[in-house]
Amino acid sequence: MYAIQFLQLDATHFGGGASINAEGALHSHPDQRRLVEDHQQTEHKLELYRRYAPHWASIISTARGSGINSSHLFLIDGFAGGGIHGSRDHPDGMKPGTAMLACRTAREIQRRYGNQVHVRLVDCNPDYCTTLERLTVPFRDAEGHDRVDVRVIRHEFADVALQLLAETEPHGRQFRSLWFLDPYGSAGMPYTALYPLDRVRNGPELIVNFDTAGVRRQCGNGHVASIDAEHKRHLDDLYGGEAWVAAFIGVTAEPRDALVSIYRNRFPGFPYGGAYQLRQSEGQLRHFVHLAKVQRAQTAFKEDYDASFRTGLLAGRSLNDVERSRFARRLFEAFRSEVLTLEDMHAARVAALDRGQLMTVLRRADQDGYGTWDEMARVMRWRAVRLEPPELLLNFE
Ligand SMILES: C[S@@+](CC[C@H](N)C(=O)[O-])C[C@H]1O[C@@H](n2cnc3c(N)ncnc32)[C@H](O)[C@@H]1O
């Protein structure tokens, strides 16, 4: 590995510098306090990144003779979080978040191909940065190919995006970088920060976890004239102007997908990629917007998306009693007050169920007081409020 002086950010951007409580404990991230198995969307996101980050790095590392310089690669996590998610199923009680997955990927790729994979973890919250600093010590302190150049950057992503991009291009040599952008809503990811990546030939590739439902809400569900100034400013920031308005022209129904595809098309410098729906949970609708410069990346991402979607899929097997009730409740939380056909609900992918399983769950949802299931018409009328079954209404000692 040869030495290139990477990262010219000011030293004040690094590390945590945040509070640790009186007992010396770190402040936990919300992801740590909830169980990932109860959040299908988060589980799906982690599964996709767990698969695609090493896949991406392997493709580039083995693309020798193609003119690609794979001696240095970059994994950039722009909204890195606390590095850990709580887990019911994992024997450790927790699973790695995207930040730790990036570090693991870097080490694995360095061991396998002998190149250097740099990891940049950006988060604006000093507490989470302190946690990330601690979690990444073993990667920074290791020897040989196990040693990972990982930096925690305590800053707003938009303020450091350009500097990170410059870092992937030292002395005019463009190295490949995979950017994962996973903000809570869609704030903090203005178009002006991403547009420079669009302009670069062949260097960066992006995965944006796009908050489709959140953006739709900002749009006042289509009543453009009634959108308040703050939401409008936010949408203009995200789309880099009023491109989002086009989603509502000539449309009578809510433009579920138009807001995503218009966003995707704002990046013509990424001719490949696409928008892929994440599994839904708690009524949230999100898409991975994948922005790639080459066809190969599009194919690889699609493969990993399909595989990640199938993970945990219960297709073909019969659900046990608890699972039926658990899925019934999950559907109720996603669809309350709506009247939906079986096909609508299957397409919404709130749960990874095949149609037969979905029918079983809908019958259970009816029994559990969440709605009325019409088996002949295959239509469910979801209640706004659950009709509590009697056993819950009785008071036992
Ligand atoms: C959804 S969490 C990230 C979770 C992480 N990707 C994972 O799955 O393990 C979003 C994180 O972005 C951080 N954040 C919010 N606004 C930010 C901004 N403008 N710049 C950088 N980080 C930001 C929050 O502190 C939070 O930790």
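A residue is called buried here if 20 or more other C-beta atoms lie within 10 Å of its own C-beta. Keep that cut-off in mind as you read these notes on the structure, which is a predicted model.

1. **The whole chain.** Let's start with the overview. The protein has 14 helices and 12 strands. Of its 397 residues, 41% are buried. Among contacts with a separation of 6 or more, 72% are made by residues 24 or more positions apart.

2. Which residues of β6 lie on each of its faces? Arg176, Leu178 and Phe180 are on one side, while Ser177, Trp179 and Leu181 are on the other, and all are buried. In a regular strand the side chains alternate between the two faces of the sheet. Because six of the six residues of β6 (residues 176–181) are buried, this strand is largely enclosed by the rest of the structure.

3. **The partners of β6.** Have a look at the strands that pair with β6. Strand β1 (residues 72–77) runs parallel to β6 and is joined to it by five bridges. Here Phe74 is opposite Ser177 of β6. Strand β7 (residues 204–210) is also parallel to β6, again with five bridges. For Leu181, the bridge partner in β7 is Val208.

4. **A helix with a bend.** Helix α4 covers residues 126–141, which makes 16 residues, and its first and last C-alpha atoms are 22 Å apart, close to the 22 Å expected at 1.5 Å a residue. Where does α4 kink? The kink, of about 40°, is at Leu135, shortly before the proline Pro138. Leu135 is also one of the buried residues of α4, which include Tyr128, Cys129, Thr130 and Thr131 too. Among the elements that cover the buried residues of this helix are α3 (98–113), β4 (116–123) and β5 (150–154).

5. **A strand with one open face.** Which face of β12 is covered, and which is uncovered? Met380 and Trp382 form the covered face, and Val379 and Arg381 form the uncovered one. Strand β10 (residues 339–341) runs antiparallel to β12, with three bridges between them. Strand β11 (residues 371–374) is antiparallel to β12 as well, and this pairing has four bridges.

6. **The turn between β11 and β12.** These two strands form a hairpin with four residues between them. In this hairpin, Arg378 is worth a look, as its phi is positive, near 55°.

7. **Around the ligand.** Which of the 18 residues around the ligand come nearest to it? They are Phe79, Gly81, Gly97, Asn125 and Gly188. By residue type, the shell around the ligand has eight nonpolar, five polar and five charged members.

8. **A residue in between.** Finally, find Met359 in helix α13 (residues 355–367). Met359 has 16 C-beta neighbours inside 10 Å, so this residue counts as partly exposed. His346 is 13 residues away from Met359 along the chain, and the C-alpha atoms of the two are 9.8 Å apart.

How values were computed. Residues are numbered from 1 along each chain as its sequence is written. This is a predicted model: local features need pLDDT of at least 70, side-chain atom pairs count only at pLDDT 80 or more; totals for chains, interfaces and linings use all residues. A residue is near a molecule or strand if its C-beta atom, placed from the backbone, lies within 6 Å of it. Ala, Val, Leu, Ile, Met, Phe, Trp, Tyr, Cys and Pro count as nonpolar, Asp, Glu, Lys and Arg as charged, and the others, Gly among them, as polar. The expected span of a helix is 1.5 Å times one less than its number of residues. The bend at a residue is the angle between axes fitted to the seven residues ending there and the seven starting there. A residue is buried if 20 or more other C-beta atoms lie within 10 Å of its own, exposed if 12 or fewer, and partly exposed in between; C-beta atoms are placed from the backbone. Two residues are in contact if their C-beta atoms, placed from the backbone, lie within 7 Å. Two strands pair if DSSP finds at least two bridges between them.
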